[in-house]
Amino acid sequence: MGLVEGQSIAEHAAQAGSGVAISRVMLSDFRSYASLDLRLQGRIVVLTGPNGAGKTNLLEALSTLAPGRGLRGARLSDLSRSTPGDTGLRPWSVGATVRSTFGDTQLGVGFVPGADDNGQLKRVVRIDGVPASSPQALVERLRLVWLIPAMDRLFHDGAAERRRFLDRLITSADPQHARRWNNYETAMRERIGALRSAASEKWLAALERTMSENAIAVAASRREGTKRLTAAMNASRSSAFPMAQIALEGTVEGMLEMMPAIEAEDQFAETLTRERVTDGEAGRTAVGPHLTDLIVHHREKGLEARTCSTGEQKALLIRLVLAGAAVPAAGAPEAPVLLLDEIAAHLDYARRQALFDEIDTLGVQAWITGTDTSAFSALEGRAQFLRVGDGAVRA
Ligand SMILES: Nc1ncnc2c1ncn2[C@@H]1O[C@H](COP(=O)(O)OP(=O)(O)OP(=O)(O)O)[C@@H](O)[C@H]1O
Ligand SMILES: [Mg+2]
C-alpha cells in the first residue's frame with residue numbers, strides 16, 4: 001500500500017498496520033558482546049550507557065541484517081569479538097526475531113573466518129533457518145533505515161557518500177535496487193579487467209550491455225526514489241524539521257530526463273565503447289551512475305545544505321531519513337525499523353521533543369541511543385528503556 005496524496009504519514013503508518021518490530025536479538029562474539037539474548041517489547045527502544053558501553057555495537061549488529069556492510073561500513077572480520085592475546089578470529093553471529101502481522105520470522109547472519117566463496121569472505125544469511133541466496137533477500141523481511149553520527153559529515157563528504165546514503169534509503173524499500181547496483185558494479189569491475197587484459201570485442205560488448213541495462217535501471221529507481229522522498233516530505237508538512245529540496249546530478253540520470261530508457265541504454269553503451277581506451281588506461285570508468293551526486297538544499301532558506309549550521313544539517317538529515325522511512329515499499333515490509341545512533345546530539349530541546357513525537361506518530365520501532373537517560377525523559381511511558389554496559393544490556 002502506497003502513500004496516497006493528502007494522506008499524512010501517521011495515517012499511512014496506521015493503515016500499514018506498522019506492526020513490524022524486532023522482538024528478540026541474539027548475539028554471539030559480535031564486537032564487545034560475548035553473548036547477548038535480548039527481548040524487546042516491540043515499541044521504541046532507548047539504549048543508554050557511557051561511552052564505549054556497546055550501544056552503537058548493538059545497532060551495528062542489527063544493521064548486518066541489511067544488505068551491505070552495516071552502519072559503520074566495517075569489514076566482516078572487524079566485527080568478530082577480539083580480546084587481548086587472541087590468536088585468530090572467532091566466528092560471530094547475529095540472530096533476530098522479526099514480528100509482523102504475518103507472524104514471526106527468524107533472521108540470522110553469521111561469519112565464519114576462512115569460509116571462502118570464490119575467494120571472497122562472505123557472511124552466511126539464513127531466513128527461518130534456510131540459507132538465503134543473497135543478502136538482498138533480508139530486505140523482504142526487515143526494512144532497516146538508519147542515521148548515525150558519521151552522517152553529520154554527509155554534506156561535506158564526497159559525492160560517493162551522498163550517493164550511498166540515497167541508494168541505501170531506496171534499497172531499504174526496494175531490494176531490486178541493490179541487486180541492480182551489484183550487477184552494475186560487478187560488470188564495471190570486470191570490464192576494467194577485460195580492457196587491461198585485451199579481452200575479446202564480444203566479451204567487452206556483453207559487459208557494456210550489462211552495465212548499460214543496470215545503469216539505466218539504477219538511475220531510473222534513483223529518480224523515482226527522489227520523487228517519493230519529496231512526496232513523503234510534502235506529506236508531512238507539519239514536521240518540525242526543515243524540508244530538503246533534493247536533486248540528482250548524474251550523467252545517466254540526466255539522460256533519462258531527455259530520452260526514453262531504451263534510447264538511453266543504447267547511448268550509454270555507445271559511450272562506454274567510445275571510452276574504452278581512456279577507461280583502460282585510467283583503470284576506472286569515466287562516466288556512469290557510480291559518479292552521481294545527491295544535491296540537497298534547505299528549501300525554506302534556499303541554501304545548499306553544506307552552508308547550513310551543524311544543527312540545521314542534522315535536521316535536514318532527520319527529515320530525509322523520516323521521509324525514507326515513510327516511502328511506500330516494493331517487495332519490503334511497509335513499516336521500517338529505525339536505528340538512530342546518538343540522535344539527540346546537536347538538537348535543541350524543542351527539536352528533540354518534536355523528533356520523539358514524529359517517531360511515535362510514525363508508529364514504527366525505533367532504536368535510539370544516547371549517553372544520558374535524561375535526554376529521553378519525554379519518551380517515558382512510550383519506550384522501553386535499556387541500560388548498556390559491561391557487554392550486557394539490562395532493563
Ligand atoms: N571487534 C571487537 N572486539 C571487542 N571489542 C570491540 C570490538 N570492536 C569494538 N569494540 C569495543 O566495543 C566498545 C563499545 O563500542 P560502541 O561503539 O558500541 O560504544 P558506544 O556505547 O556506542 O559508545 P559512545 O557513546 O562513545 O558512542 C568499545 O570500547 C570498542 O573498543
Ligand atoms: Mg556510539
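**Exercise 1. Describe the residues around ligand 1 by class, then name those that come nearest.**

Solution. Start with the classes: the shell around ligand 1 has 10 polar, 4 charged and 1 nonpolar residues. Keep in mind as you work that this is a predicted model.

**Exercise 2. Work out how helix 3 is oriented to helix 4, and which residues make the contact.**

Solution. Two packed helices are described by the angle between their axes and the distance between the axes. Here, the axes of helix 3 (residues 159–173) and helix 4 (residues 175–196) cross at roughly 130 degrees and come within 5 Å. Angles over 145 degrees would count as roughly antiparallel, and 65 to 115 as roughly perpendicular. On the helix 3 side, the contact is made by D167, I170 and T171; helix 4 brings P175, H177, A178 and W181. Sorted by class, the residues of this contact are 4 nonpolar, 2 polar and 1 charged.

**Exercise 3. Find the largest nonpolar core and look around one of its residues.**

Solution. As background, nonpolar side chains tend to be buried together in soluble globular proteins. In this model the largest nonpolar core has 86 residues. Helix 9 (residues 310–326) supplies the largest share of this core, with 10 residues. Those with the most contacts inside the core are L62, L65, L144, L338, L339, W367 and I368. Now take I368: leaving out residues up to four places away in sequence, I368 touches I44, V45, V46, L340, I343 and F376. Finally, there is a second, separate core of 17 residues, with M188, I216, A217 and V252 among them.

How values were computed
Residues are numbered from 1 along each chain as its sequence is written. Chains are lettered from A and ligands numbered from 1 in the order in which they are written. This is a predicted model: local features need pLDDT of at least 70, side-chain atom pairs count only at pLDDT 80 or more; totals for chains, interfaces and linings use all residues. Axes are lines fitted to C-alpha atoms, for helices over the stretch in contact, and angles run from 0 to 180 degrees between N-to-C directions. Helices (H or I, at least four residues) and strands (E, at least two) are DSSP runs, numbered from the N terminus. Angles under 35 degrees count as roughly parallel, over 145 as roughly antiparallel, 65 to 115 as roughly perpendicular and the rest as oblique. Two residues are in contact if their C-beta atoms, placed from the backbone, lie within 7 Å. Ala, Val, Leu, Ile, Met, Phe, Trp, Tyr, Cys and Pro count as nonpolar, Asp, Glu, Lys and Arg as charged, and the others, Gly among them, as polar. A residue is near a molecule or strand if its C-beta atom, placed from the backbone, lies within 6 Å of it. A nonpolar core is a set of buried Ala, Val, Leu, Ile, Met, Phe, Trp, Tyr and Cys residues joined through C-beta atoms within 7 Å. A residue is buried if 20 or more other C-beta atoms lie within 10 Å of its own, exposed if 12 or fewer, and partly exposed in between; C-beta atoms are placed from the backbone.
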